[in-house]
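Here is a short briefing to read alongside the model. Please keep the 3D view open as you go through the points.

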Amino acid sequence: MDRGFAGLCFSLLAGVGLLALPGVTQAANVGHYYNCAGEGTAAMANAITTAGHTPVNVTVPNAATLAGLDVLWVNHNYTYFCAGGDDEWMANQAAINAAIQNGLVLQVFDRVTSEADYGTVASAYVPGASAITFVNSYTSNVDIPAGSPLLAYGIDSTTLDGGNSSAHGYGVAVSLPAGSTIWANDGTVDHAVMFSYHFGAGTVIYSSVPLDFYMDSNNNFSQILAPASVAAAVASVSEVTTTCASEGYTGTKLTWCMNICEKGYTGATLDMWIHRWINKYRDLPYCAVEGNVPQPK
């Protein structure tokens with residue numbers, strides 16, 4: 001038994017049928033890879049097709065394979081259950097990092113977040129996650145906060161509830177990379193069970209929802225979350241990725257730019273940082289010049 005993990009199948013939302021996914025205008029190439037299989041699965045391919053995109057089975061995540069992809073969707077299980085299951089991934093880590101930095105979107109659904117005794121630590125194998133504090137915490141509750149990309153696909157705070165392990169942990173919000181977006185939490189707002197952040201010109205989407213477990217049965221995870229998350233990942237490919245770091249700011253200027261453009265501050269706090277910037281630099285950071293000072297997510 002998987003640490004109390006119950007295989008409760010959820011009833012599908014009434015009348016859903018094939019998910020009505022917004023914003024699908026052109027098919028993208030979406031690679032799928034399950035670490036325990038060493039390749040993608042038929043269920044993952046079906047979800048990609050449902051989302052209106054083209055599935056590409058990935059057997060080796062190397063530079064040549066990744067070059068043809070818009071999104072790489074990875075389902076990840078304990079290496080305890082599949083000895084050597086991360087060998088190909090870790091052997092190609094440099095190529096994976098480079099592909100994301102050049103614009104690839106990586107989406108990882110992970111059955112374990114930080115249990116070193118299972119041979120798997122997310123901060124080690126997820127690009128850009130080395131400073132994230134991951135906590136294992138099994139929950140049957142998954143809430144979708146305002147601003148989550150999942151809301152556009154009909155997923156709300158009831159869709160993924162009801163199992164002993166709807167999620168297997170979370171990233172502590174304060175430890176996430178600057179500018180991160182929290183897609184889902186476990187009912188505590190700073191417990192991010194699904195979140196995304198920019199990594200170079202690309203994006204990493206991470207979730208502790210154990211999606212691999214659910215993919216071969218009819219439930220809200222396989223039939224709703226899987227295609228919706230693929231569609232949302234594809235939608236993020238076309239986002240213009242400009243950050244304080246990519247604009248070349250360093251030192252104090254980088255810190256202050258992040259406070260204005262990437263921390264989600266509003267009101268008096270935001271005004272304070274903008275005035276401090278103007279007084280020191282006599283101009284505005286890039287996001288304020290563009291009229292794009294972000295609001296909290």
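Among the elements that cover the buried residues of helix H8 are helix H9 (267–281) and helix H10 (286–289). H8 itself spans residues 251–261, and its buried residues are Trp256, Cys257, Asn259, Ile260 and Cys261. Please bear in mind that this is a predicted model.

**Around helix H8**

- Trp256 has a relative accessibility of 14%, so this residue counts as buried, the cut-off being under 20%.

**Another aromatic pair**

- How many aromatic pairs does a search of the whole structure find? It finds eleven.
- One of them joins Phe195 and Tyr206, whose ring centres are 5.5 Å apart; their planes meet at 35°, so the pair is tilted.
- Phe195 belongs to strand S8 (residues 191–199) and Tyr206 to strand S9 (residues 202–207), eleven residues apart.
- Phe195 is buried, with a relative accessible area of 0%, and Tyr206, at 1% relative accessibility, counts as buried too.

**The salt bridge**

- Side chains of opposite charge can pair when their charged atoms come close.
- The structure holds one salt bridge, in which the side chains of Arg111 and Asp212 meet at 2.7 Å, N to O.
- This pair links distant parts of the chain: Arg111 is in the loop between strand S4 (105–110) and helix H5 (122–125), while Asp212 is in helix H6 (residues 211–214), 101 residues away.
- Are the two partners buried or exposed? Arg111 and Asp212 are both buried.

**The protein as a whole**

- The protein has ten helices and nine strands.
- Of its 297 residues, 49% are buried.
- Among contacts with a separation of 6 or more, 71% are between residues 24 or more positions apart.
- The protein exposes about 12500 Å², and carbon and sulfur atoms supply 52% of that area.

Key: Residues numbered from 1 in each chain as written. Predicted model: local features only at pLDDT ≥ 70, side-chain atom pairs only at ≥ 80, totals over all residues. Heavy atoms only, no water. Helix = DSSP H or I, 4+ residues; strand = E, 2+ residues; numbered from the N terminus. Buried < 20%, exposed > 50% of the residue type's maximum accessible area, 1.4 Å probe, protein only. Contact = heavy atoms within 4.5 Å. Areas by Shrake-Rupley, 256 points an atom, 1.4 Å probe, with all protein chains shown as cover. Salt bridge = Lys/Arg side-chain N within 4 Å of Asp/Glu carboxyl O. Phe/Tyr/Trp six-rings, centres within 6.5 Å; stacked < 30°, edge-to-face > 60°.
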